[in-house]
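Please read this report with the sequence and the model side by side. Each section takes up one topic.

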Amino acid sequence: MPEPKQLSEQIAAFIESQIGQAVTILELEQLAGGGSLDTWRIRATSPDEEWHLVMRRDLETVMVAESLSREQEFKLLQAAYESGVRVPRPRWQSNDPAVLDKPFFMMDYVEGFSIGRIIVKAPEAEPARQVLPELMAEQIALIHAIDWQKHGLDFLPAPQHGNTPADEALLSVRKELYRLDIHNPAIEFGLRWLDKNQPPYQLSLVHGDFRLGNFQIGLPYGLNAVIDWEFAHIGDPLEDLAWPCVRDWRFGMGHLRLAGIADREPFLQTYERHTGQAIDRTAVDYWEIMGNLRWAVTCLAQADRHLSGRDPSVEFASLGRRSAEMQMEMLRLIQATGVG
Amino acid sequence: MYDLPDASHLIEAVYQHLEMNIAPMLKGDAAQRKLYFQTLVAINVLKVAERELVLRPRHLKAEWGRLNRLQEIDLHMPENSEELADLLARRNIQLCTDIRDGQYDSPENASALLAHLTMTAQEQLEVANPRFLQGLAAEDAAKK
């Protein structure tokens, strides 16, 4: 990894090559979070413009092998931006290792805070909590309406061989369990139940990580940007409605099903109003069970990064034992829905 | 026999050290935010290990008994804790196969299995995160 000074020079040279003007870097700060990516905030100036940018760059280990490349994430961001979704304006992208070692892209910086546990509890976030359910519904409806073929997003993972979106999700969990050599009866039961109780589905672009933590929240608008598109795919849109309800994404406010900030129902009703389609609540429950199952397995996969010696880390190690929370939640939701 | 302190005491000594001497030094320092967070995780992990030492023998036995009832067989439970853990792991591999093969698809079998699995998850959480269980209980109580 280059020293920030060298990195700063490389970034300046790259932006110069894109805009054809001399560029001075005023500020370069590494941002926390995002286990799989190296993220930097950049302030720069050129004769005609002030730039406030965010760069997302690959790290050595990729958290989930199926996540998008930076080039793909950039194209997707362009499609979302053109479709009126609140996203950071995408700027430039490069895979050339001579530029910054690893593939990366740059986009405009969007003001706001994203830390889930603060948004659900802090008094100053109360106005945001008031408007978020509506805004989340509006934004996810816009995302689901994006014509992925027209925007050339055919590279997105999509159900194969006549599989349903649920088949596809279950298959990826199975592969992961096989890779990790894990035999966990609760997870096995979840897989079986989800396989046998699949609801009817539609296909749309799915954000894939639509939850608190991936929203830039600010006032007065509330939801300034939807970020972190690396898990986008073609799938069942209900997946995106259920994911922000998964208990772990309620950040300790367990009784408020939508993201720890509100009941689920107003969110779903607003989504129905925007899309003009009725949503089967049981099918959303189904995807919440799926979300917990996948998160339970991801925790075990993260622990394996430590156990295998690839990425020694007390944080990864601790995630292995957090999996039981998701397993418990999955079992409770199955119980509530009915085992049969 | 080893002299005191035993493993539990040693674990406790380390997390107390982290809590009293290390975490306060890092708290509130923006440059140390990541290290502070990792230290809190480390303290928590040691408390998980401490609870595991206390609860593991009881939980292994309970799981063995539940599996016997679920599968309606009376397999003899090994006295030795490590042997018990090893055999339990093997029984769970078999249980996974049985679930995949559809042996628990009927509503009665599925209910019995679900009850067993919920109890196992509960035991896991008694070790890994007792506060999570308290949160669920409080929520359930509020709903009633």
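## Paired strands in chain A

In β3(A), W40(A) has M55(A) as its bridge partner. The model is a predicted one: local features need pLDDT of at least 70, side-chain atom pairs count only at pLDDT 80 or more, and totals for chains, interfaces and linings use all residues. Residues are numbered from 1 along each chain as its sequence is written, while chains are lettered from A and ligands numbered from 1 in the order in which they are written.

Helices (H or I, at least four residues) and strands (E, at least two) are DSSP runs, numbered from the N terminus. Two strands pair if DSSP finds at least two bridges between them. Strand β3 of chain A covers residues 49–58 and pairs with β2(A) in the antiparallel sense, over ten bridges. Two residues lie between β2(A) and β3(A), and the two strands form a hairpin. β2(A), residues 37–46, also pairs with β1(A), residues 24–31. That pairing is antiparallel too, over seven bridges. T24(A) stands opposite T45(A) in β2(A).

## Two domains in chain A

Chain A is divided into domain 1 (4–108) and domain 2 (116–337). Such bounds come from an automatic or database domain assignment. The centres of domain 1 of chain A and domain 2 of chain A, taken over C-alpha atoms, are 26 Å apart. Their contact takes 17 residues from domain 1 of chain A and 21 residues from domain 2 of chain A. Two residues are in contact if their C-beta atoms, placed from the backbone, lie within 7 Å.

What kinds of residues make up the side of domain 1 of chain A that touches domain 2 of chain A? They divide into eight nonpolar, five polar and four charged. Here Ala, Val, Leu, Ile, Met, Phe, Trp, Tyr, Cys and Pro count as nonpolar, Asp, Glu, Lys and Arg as charged, and the others, Gly among them, as polar.

## Loops in chain A

A residue is buried if 20 or more other C-beta atoms lie within 10 Å of its own, exposed if 12 or fewer, and partly exposed in between; C-beta atoms are placed from the backbone. G20(A) lies in the loop between α1 (4–19) and β1 of chain A. G20(A) is exposed, with 7 other C-beta atoms within 10 Å. G20(A) and S46(A) are 26 residues apart in sequence, and their C-alpha atoms are 9.6 Å apart in space.

Q198(A) sits in the loop between α7 and β6 (204–206) of chain A. Q198(A) is partly exposed, because it has 16 other C-beta atoms within 10 Å. Leaving out residues up to four places away in sequence, Q198(A) touches T164(A) and A166(A). T164(A) is 34 residues from Q198(A) along the chain, with 8.8 Å between their C-alpha atoms.

H161(A) is not a glycine, yet has a positive phi of about 50 degrees. H161(A) lies in the loop between α5 (126–144) and α6 (165–180) of chain A. Is H161(A) buried or exposed? H161(A) counts as exposed, because it has 7 C-beta neighbours inside 10 Å.

A259(A) is not a glycine either, and its positive phi is about 60 degrees. The loop between α8 (238–242) and α9 (264–275) of chain A holds A259(A). A259(A) has 28 C-beta neighbours inside 10 Å, so it counts as buried. In chain B, a cis peptide bond joins L4(B) and P5(B), with omega about 5 degrees. P5(B) is in the segment before α1 (7–26) of chain B.

## Chain B overall

Chain B has five helices and zero strands. The radius of gyration of chain B is 20 Å, well over the 15 Å that the globule rule gives for 144 residues, so chain B is more spread out than a compact globule. The radius is taken over C-alpha atoms, and the rule is 2.2 Å times the number of residues to the power 0.38. Of the 144 residues of chain B, 13% count as buried.

## Where the chains meet

The contact takes 24 residues from chain A and 31 residues from chain B. On the side of chain A that touches chain B, α7 (185–196) and α11 (314–337) of chain A are the elements giving two or more residues. α11(A) gives the most, with 13 residues. The predictor gives the complex an ipTM of 0.97 and a pTM of 0.92.
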